[in-house]
Amino acid sequence: MKRHWERFKASYLLYSFKRDRIAILSFTILVILVLLSVLAPMISPYDPYDANNIDILNSEIAPAWMEEGTREFIFGTDVQGRDLLSTMLYGLRLSIIIGCGAVLLQAFLGITVGLSAGYLGGKVDSVLMRIADIQLSFPYLIVAIFVSAIFQVAFGVSRYEELAIPLLIIIIGLAEWPVYARTVRASVLGEKNKEYVEAARVIGLSRKLIVVRHILPNTMTAVLVISTLQVANAIMNEAALSFLGLGMPVTKPSLGSLIRSGFEYIFSGSWWITIFPGLLLIALVLFINLLGDWLRDVLNPKLYKG
Amino acid sequence: MFAFIIRRITQSILVMLVVSFVGFAIKNQIGDPIRDIVGERVSVAEREALRDKLGLNDPFMIQFARYVKKVSHGDLGISFHHAKPNVDVILSKAPATLELVFATTLILIFVSLPVGVYTAIRPNNWFSKFTMAFSTLGVSIPVFLTAIMLIFVFSVELGWMPSYGRGETINVWGWESGLLTADGLKHLIMPSIALSSIMLPLFIRLIRSEMMEILETEYIKFAWAKGLFRKRIWFVHAFKNTLLPVITVFGVQIGILFAFTILTETVFQWQGIGFMFLEAVERSDTSLLVAYLMVVGALFVTVNTIVDIIYGLVNPTIRITGRK
């Protein structure tokens with residue numbers, strides 16, 4: 001363990017991290033956002049899921065610094081009278097859970113497919129990659145929207161809303177796995193004819209062992225680079241689905257469904273219900289993207305393109 | 001070249017078969033067509049008779065073959081809610097979406113080309129740096145938030161722009177157009193800006209990086225050495241070759257724009273195909289949903305095929321090695 005730490009301390013990754021102000025800034029903010037979301041049940045002033053806490057008379061109270069605002073609710077309240085700050089923290093939590101869960105799922109699927117296609121080659125490769133190609137010819141968002149719409153019609157709205165978190169993870173995961181499959185396959189093709197793999201084959205290691213222990217670790221750089229950007233993508237897609245009413249229900253809102261519920265009230269002047277969750281969402285996605293861009297530049301200067 | 005085109009078209013027909021298989025499976029699994037036709041009160045025996053008559057008891061593959069035949073003749077079934085053929089429903093909503101996509105494409109072309117080329121030629125200029133920083137922010141803002149913020153600032157706070165709908169439309173040979181009235185154009189401005197906001201940063205970066213790469217190549221260096229005018233090198237020698245990859249990406253991305261229209265149309269209550277799709281979800285109109293899938297699927301497959309064939313025409317290496 002200690003050896004790994006020493007190696008990390010001397011690595012180029014840490015060196016360039018320390019010299020890049022934007023990377024440090026976005027990393028710090030992301031850590032704060034993740035901490036806020038993990039600690040949401042402890043730090044948020046109210047529990048937005050507890051119906052006893054909610055008073056409809058408190059609905060649409062302006063933020064504390066405005067004339068109509070009260071001290072009790074710093075960012076004001078939403079349409080149902082929930083404290084907006086607490087609801088946003090819980091929403092952030094849901095967005096991060098679903099985003100990361102979806103990326104884990106797509107990474108698992110994509111890496112499995114990419115490894116087998118790349119290493120086995122031949123028929124397996126062409127069939128798997130054709131499937132990926134077909135799916136990639138349709139944009140993720142439309143696949144996700146369509147699948148969630150079908151799920152919602154098939155399950156019925158109330159049942160869908162109960163199962164929303166796992167369903168969204170599955171939908172977004174299934175919509176985006178080809179990205180991983182392609183990247184992993186490409187790096188497997190690059191690795192598989194190198195000498196260390198041949199050496200492993202000569203020693204007589206099994207195919208499975210070679211793929212998992214020898215080739216897989218060398219594809220991890222590429223996986224890491226796309227993973228950060230994919231988390232941002234997944235969070236955006238979740239927000240889009242929720243905004244369309246195909247995601248998290250208003251009773252258990254993610255940032256997207258919070259924006260949806262507040263949108264109608266923009267016209268009556270209650271802008272805060274939409275704008276604050278919106279800004280939080282933008283900040284989350286923006287800093288993940290900035291960190292991802294930095295990571296891509298550091299780990300893979302060759303890939304540097306648009 | 002001929003073999004390439006044939007191969008590419010066969011492939012797209014296969015993809016369409018897969019798409020229609022998915023569509024048919026959904027249709028087959030969700031909802032009971034007999035109940036939709038006759039309601040609850042008809043006896044079981046009569047239902048069975050009707051099932052037989054409509055061929056609903058036939059094997060799955062036979063039913064599927066029948067479905068494919070119907071679809072290839074342009075019959076996509078009847079919408080439960082609208083009680084009209086799905087094709088008619090979709091066609092009546094299509095102009096709104098097409099006009100939105102058209103306006104967005106114009107914005108994309110006329111903004112991203114000059115800006116992309118400029119940032120490539122002058123990478124250290126303050127405007128270029130500002131654009132690059134801004135483009136990261138741009139891709140991080142979801143389309144629907146851009147749309148909401150536009151409405152908030154320009155419709156609610158300033159009151160300059162209409163916030164929803166298409167405004168006044170004129171019927172031109174059966175095409176409900178908003179492009180020909182001042183009111184319609186005014187309604188089009190914010191939705192198309194919102195829709196282009198997600199693609200614009202992407203295109204600017206793409207054009208910039210392609211152009212920069214080409215400016216580094218040998219033949220450009222040779223052109224400098226020959227002493228050609230700067231403008232000639234930039235706009236004749238470099239720009240032409242920048243366009244090649246850009247056109248392909250452009251084609252595919254225009255297809256993706258159709259997906260994002262669902263979000264924009266929801267925010268602006270724009271009566272297009274995307275808006276219709278969400279209404280169909282709310283009404284559990286499976287028939288219309290599947291029809292939407294078929295139409296959008298066909299659209300994507302056609303666009304992709306055409307783009308690939310054009311690319312094959314321009315770039316011979318693609319034809320020989322197969323797909324990129």
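Predicted model: local features only at pLDDT ≥ 70, side-chain atom pairs only at ≥ 80, totals over all residues.
Q: How do you know how much confidence the predictor places in the complex and in chain B?
A: The complex has an ipTM of 0.78 and a pTM of 0.83. For chain B the mean pLDDT is 79, and 89% of its residues reach 70 or more. Within chain B, confidence is lowest in helix α13 (residues 316-321), at a mean of 59, and highest in helix α5 (residues 86-121), at 85.

Q: What makes up the secondary structure of chain A, and what makes up that of chain B?
A: Chain A has 13 helices and zero strands. Its pattern along the sequence is α-α-α-α-α-α-α-α-α-α-α-α-α. Chain B has 13 helices and two strands.

Q: What are the extent of chain A and its share of buried residues?
A: The C-alpha trace of chain A spans about 75 × 50 × 35 Å along its principal axes. Of its 306 residues, 43% count as buried. In chain B, buried residues make up 34% of 324.

Q: What share of the contacts with a separation of 6 or more comes from residues 24 or more positions apart, in chain A and in chain B?
A: The share is 69% in chain A and 71% in chain B.

Q: Which residues of α6(A) are buried, and why are they said to be on the same side?
A: Leu128(A), Met129(A) and Ala132(A) are buried. They cover an arc of only 95 degrees around the axis, so they are on the same side of α6(A). An α-helix has 3.6 residues a turn, so residues three or four places apart point the same way. On the other side of α6(A), Lys123(A), Ser126(A) and Val127(A) are exposed. The cover over the buried residues includes α5 (84-120) and α9 (164-191) of chain A.

Q: What makes up the side of chain A that touches chain B?
A: 34 residues of chain A are in contact with 34 residues of chain B. On chain A, α7 (140-155), α11 (207-243), α12 (255-263) and α13 (272-299) each supply at least two residues of that side. By class, the side has 26 nonpolar, six polar and two charged residues.

Q: Which residues touch the most other members of the largest nonpolar core?
A: They are Ile145(A) and Leu289(B), in a core of 144 residues. The largest share of this core, 18 residues, comes from α5(A). Leaving out residues up to four places away in sequence, Ile145(A) touches Leu241(A), Leu244(A), Leu246(A) and Ile262(B).

Q: Why is Ile247(B) called partly exposed?
A: Ile247(B) has 13 other C-beta atoms within 10 Å. Exposed requires 12 or fewer and buried requires 20 or more, so a count in between is partly exposed. Ile247(B) is found in helix α10 (residues 230-268) of chain B. Its C-alpha atom is separated by 9.4 Å from that of Ile310(B), 63 residues apart along the chain.

Q: Why does Gln269(B) count as exposed?
A: Gln269(B) has 12 C-beta neighbours inside 10 Å, and exposed means 12 or fewer, so the label applies. Gln269(B) lies in the loop between α10 and α11 (273-282) of chain B. Its phi is near 50 degrees, a positive value in a residue other than glycine.

Q: Why is Leu278(B) called partly exposed, and what does Leu278(B) touch?
A: Leu278(B), in helix α11 of chain B, has 18 other C-beta atoms within 10 Å. The cut-off for buried is 20 or more and that for exposed 12 or fewer, so Leu278(B) is partly exposed. Not counting residues up to four places away in sequence, Leu278(B) touches Leu244(A), Ile262(B) and Thr266(B).

Notes: Residues numbered from 1 in each chain as written. Chains lettered and ligands numbered in written order. Helix = DSSP H or I, 4+ residues; strand = E, 2+ residues; numbered from the N terminus. Arc of directions from axis to C-beta. Contact = placed C-beta atoms within 7 Å. Nonpolar A, V, L, I, M, F, W, Y, C, P; charged D, E, K, R; others polar. Core = buried A, V, L, I, M, F, W, Y, C linked by C-beta atoms within 7 Å. pLDDT = per-residue confidence, 0-100.
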